[in-house]
Amino acid sequence: MLTFEGLDENFKFLVLEVKNQIAATRNFVNSPSRSLFRKITSRDDYIDNLKTIIENKTYSRINKDTQLDDNTLNKIRAIQLASVNLERIGDYCVNIVNQMAYLEDKSFVNRFESPEAFDIIETTTASIEKGFDDKDMPLALAICKSEYNLDSLYKDNFNRIMAEMGSGKNIPDLVTVLFIFRYLERIGDSLLNIGEAIIFSILGERIKIEQFESLQHTLTVSGFDGSFSDIDFQGIWGSRSGCRIGHVQAKDKENGPPVAQGSIYKEGNLAKIKAERDNLKLWNKMFPGRVPDIFGYHETPAENKASMLVEFLPGCTLDTMILTSDDVDLENGLFTLEQSLRNIWTTTIKKGPFVTNYMEQLKSRQAGVLQVHPEFNRHARSLGSSEIISSAELIDEAISAEHGLPAPFTVFIHGDFNCNNVVYSNADERIRFIDLYRSRNFDYIQDISVFLVSCFRMPIFDRPIRNKINVVISRFYSFAEEFAAENNDPTWKARLTLALVRSFYTSTRFEFNYGFAKEMFNRSMFLLEKINRYSGSWDNFTLPEDILHY
């Protein structure tokens with residue numbers, strides 16, 4: 001345990017007082033008395049004070065000492081989180097004894113399984129200190145799983161209470177007992193949080209018990225048979241996909257299956273993870289080595305979750321290259337990307353016509369945009385003699401235009417072709433792709449537009465770097481123009497305009513810099529108006545390239 005400023009002693013006293021509070025609450029439920037009631041309520045104040053002391057010491061230490069190593073810092077944070085939940089358990093005990101006053105028959109609660117619930121709570125609470133002291137992962141998992149056992153008891157007793165209410169007898173006492181079991185169940189929630197705090201102190205990463213178990217299952221499927229203590233897990237934050245993503249590697253990287261040398265763990269919605277797994281298999285079948293290998297996959301249908309381990313790709317993403325690489329390396333990366341895409345698209349091309357759905361994609365994400373920027377729902381108004389059409393009407397008219405503007409062919413696209421989903425390895429001059437759950441046969445213009453706007457929306461405003469971004473955008477635009485000419489696609493600019501409308505507009509939901517978000521919104525509206533004012537042949541439609549530059 002930590003030894004600075006008496007924090008370890010404060011925490012031990014807090015655990016001890018909560019254990020005493022639980023035992024006293026159990027005694028009160030069995031045999032209520034005024035003296036025991038006063039003892040429980042007064043102890044609650046002491047528990048609150050201990051929690052406050054620990055909280056002040058943890059924050060003070062973190063603020064004062066900037067040289068703390070990661071292990072010490074993780075333990076401080078874990079103790080603070082555990083202390084908050086121990087204090088909550090103390091509050092729930094007080095709530096339980098307060099509920100006893102509403103029972104007409106004080107022994108009524110013992111007709112149900114409250115002794116079993118208290119057994120679980122007391123046994124689990126008694127192991128908290130050891131879990132922290134010994135960094136005992138199995139014990140931490142056992143603490144977490146007490147929540148499941150208390151949930152099961154609550155469910156069983158809830159069903160029994162509901163059934164007895166049907167008789168019309170003892171209704172007030174039954175309702176009171178239900179409240180008591182609800183507080184016992186909430187103690188389980190706090191114990192779960194404490195167990196996860198211990199896991200955090202061991203791993204250095206916040207990971208929920210179900211995610212931990214999913215990771216364990218997936219590692220087992222991958223062929224890794226070592227202890228979890230042999231694994232380094234580092235969470236990767238900032239994902240917009242809703243998935244939990246982490247970097248996993250063995251501490252001993254020289255031995256074991258491929259996962260031991262490093263892999264990426266993804267856990268999230270079952271349909272999304274399954275779709276990505278299927279697409280990775282499809283990519284590797286069509287273009288071996290272009291995407292990560294799959295090391296392991298695991299489903300938890302009851303929770304609508306799935307997880308998988310995939311190969312960790314060497315190199316860096318294209319957005320990082322744009323910001324940090326010299327011109328020669330960036331040139332090599334872009335050239336390799338263009339050649340790779342030309343090969344993939346030419347190999348998978350299927351003649352159309354194919355009706356796209358860029359405006360429908362926009363509408364499906366519109367609620368998310370308006371939640372962040374409500375003012376981006378532009379209303380119709382007049383400006384002098386000119387009429388300004390509402391954004392809703394512009395979108396509806398563009399849908400009609402899009403139906404008459406099919407793509408002449410489809411290719412197999414990435415589907416989420418942001419520049420940070422492209423990995424370039426300078427060592428072997430190789431381009432590979434990640435985050436592929438949206439891959440499908442579609443208009444190549446979708447990937448073109450997503451890539452261009454992902455470069456545009458990089459929140460970098462330093463002019464030399466911004467100029468570099470603009471050069472990349474112009475180069476990729478020229479590549480799109482070449483591919484369209486090579487494959488007899490005269491309407492590509494009109495379709496790209498619709499796709500850019502979609503990409504500019506929907507990207508604003510990720511941007512809280514209002515000025516920059518407004519730039520993207522205005523560009524989307526300008527392009528919509530250009531589409532809706534146009535009355536000629538789509539073969540002759542022009543797209544002002546400078547709208548892609550900032």
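Which term describes Lys135, buried, partly exposed or exposed, and what is its relative accessibility?

A: The model is predicted, so local features need pLDDT of at least 70 and side-chain atom pairs count only at pLDDT 80 or more, while totals for chains, interfaces and linings use all residues. Residues are numbered from 1 along each chain as its sequence is written, and side-chain values use heavy atoms, leaving out hydrogens and water.

Lys135 is partly exposed, because its relative accessibility is 37%; buried means under 20% relative accessible area, exposed over 50%, and partly exposed in between (1.4 Å probe, protein chains only). Lys135 sits in the loop between helix H5 (128-134) and helix H6 (137-165). Helices (H or I, at least four residues) and strands (E, at least two) are DSSP runs numbered from the N terminus. Although Lys135 is not a glycine, its phi is positive, at about 50°.

Glu429 also has a positive phi, near 50°, and is a residue other than glycine. Glu429 lies in the loop between strand S11 (422-425) and strand S12 (430-433), and is partly exposed with a relative accessible area of 48%. Another backbone feature is the cis peptide bond from Gly352 to Pro353, with omega near 10°; Pro353 belongs to strand S7 (residues 350-354).

Helix H1 (residues 7-30) packs with helix H4 (residues 114-125) at an angle of about 165°, their axes being 10 Å apart. Axes are lines fitted to C-alpha atoms, for helices over the stretch in contact, and angles run from 0 to 180 degrees between N-to-C directions. H1 and H4 are therefore roughly antiparallel, a term for angles over 145 degrees. Residues in the contact (heavy atoms within 4.5 Å) include Val15, Ile22 and Val29 of H1 and Phe118 and Ile121 of H4.

Aromatic rings also pair in this model, with 34 such pairs in the structure. Rings of Phe, Tyr and Trp (its six-membered ring) pair if their centres lie within 6.5 Å; planes under 30 degrees apart count as stacked, over 60 as edge-to-face and the rest as tilted. Trp345 and Tyr444 form a tilted pair, 5.4 Å centre to centre with 50° between the planes. Trp345 lies in helix H11 (residues 327-348) and Tyr444 in helix H14 (residues 444-456), so the pair ties together parts 99 residues apart in sequence. Trp345 is buried, with a relative accessible area of 1%, and Tyr444 is buried at 0%.

Definitions and conventions: Angles under 35 degrees count as roughly parallel, over 145 as roughly antiparallel, 65 to 115 as roughly perpendicular and the rest as oblique.
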